[in-house]
Amino acid sequence: MKKVYANAAEALDGILEDGMLIASGGFGLCGIPELLLAAIRESGVKDLTFASNNAGVDDFGIGILLQTKQVKKMISSYVGENAEFMRQYLSGELELEFTPQGTLAERMRAGGSGIPGFYTKTGVGTVIAEGKDVKNWNGQDYILEEGIFADLAIVKAWKADETGNLIFRKTARNFNPPAAMCGKICVVEVEEIVPTGSLDPDHIHLPGIYVHRIIQGDHENRIEQRTTRKREEA
């Protein structure tokens, strides 16, 4: 089965359609599948729902799709750093489903494991719990959260072999693995594709069984909040 494709547009060919639910990796500005997001923008698909920890910034990450009004709804835990996101949400142009960060990661992992739902204490007694089923165990309430079963997952990894085994670097590992798991189709962009068999099995973070298509490309390394101090006088 061919998994390696020449570029993002080719890897997404025949997959994209209006109204899709897309799980996207990334944490802040780290591990964002920027090449695939750019290809989605160029495709012109619309009315998309994205499940992602955040929406990037105005000109990077999912933010570029907010600029073109291709996103109908966000399922996210953090929506700061993005003025266009705020504007669209406050004006009623964008739907938002707030989900606690750990709950969002578990909803993705659950979907990838075939688990339709689970109960958690996170969000009990808050607006997060509104309209959700509540169960009581040992005197404590838990709310039902549904697993995320995405039509497409787009993620960024550091390395892949030709069968799709993936290694992530540091913070990029926070949301990319569960996002990859929950997609019916998973497309991955990586910094390097290596020959099959060259990765140490103990170092693989996500097995290739979850991965359908891979591309290699050049990526931008952004810093979300640059904090410096003045150099001390000699």
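Modeller: The side chains of Asn53 and Ser77 are joined by a polar contact of 2.5 Å; a polar contact is a pair of N or O atoms within 3.5 Å, where within protein one must be able to donate a hydrogen and the other to accept it, and residues adjacent in sequence count only if both atoms are side-chain atoms. This is a predicted model, in which local features need pLDDT of at least 70 and side-chain atom pairs count only at pLDDT 80 or more, while totals for chains, interfaces and linings use all residues. Residues are numbered from 1 along each chain as its sequence is written, and side-chain values use heavy atoms, with hydrogens and water left out.

Asn53 also makes a side-chain polar contact with the side chain of Asn54, at 3.3 Å. With a relative accessible area of 2%, Asn53 is buried (buried means under 20% relative accessible area, exposed over 50%, partly exposed in between, with a 1.4 Å probe and protein chains only). Beyond its neighbours within four places in sequence, Asn53 is in contact with residues including Gly26, Phe27, Ser76, Tyr78, Gln101 and Phe175, contact meaning heavy atoms within 4.5 Å.

Asn53 is found in the loop between strand S2 and helix H3 (63–67); helices (H or I, at least four residues) and strands (E, at least two) are DSSP runs, numbered from the N terminus. S2 (residues 48–51) pairs with S3 (residues 71–76) in the parallel sense over four bridges, two strands being paired if DSSP finds at least two bridges between them. Within this pairing, Thr49 has Lys73 in S3 as its bridge partner. S3 pairs in turn with S4 (residues 95–98), in the parallel sense and over four bridges, and Ile75 stands opposite Glu97 in S4. From S3 the chain crosses through helix H4 (residues 83–90) to S4 in a right-handed β-α-β crossover; right-handed means that, with the strands pointing away from the viewer, the path from the first strand over the helix to the second runs clockwise.

Asp18 and Lys46 meet through their side chains in a salt bridge (3.0 Å, N to O), that is, a side-chain nitrogen of Lys or Arg within 4 Å of a carboxyl oxygen of Asp or Glu. Asp18 lies in the loop between helix H1 (8–12) and strand S1 (21–24) and Lys46 in the loop between helix H2 (34–43) and S2, so the pair ties together parts that are 28 residues apart in sequence. Asp18 is partly exposed at 42% relative accessibility, and Lys46 is partly exposed at 41%.
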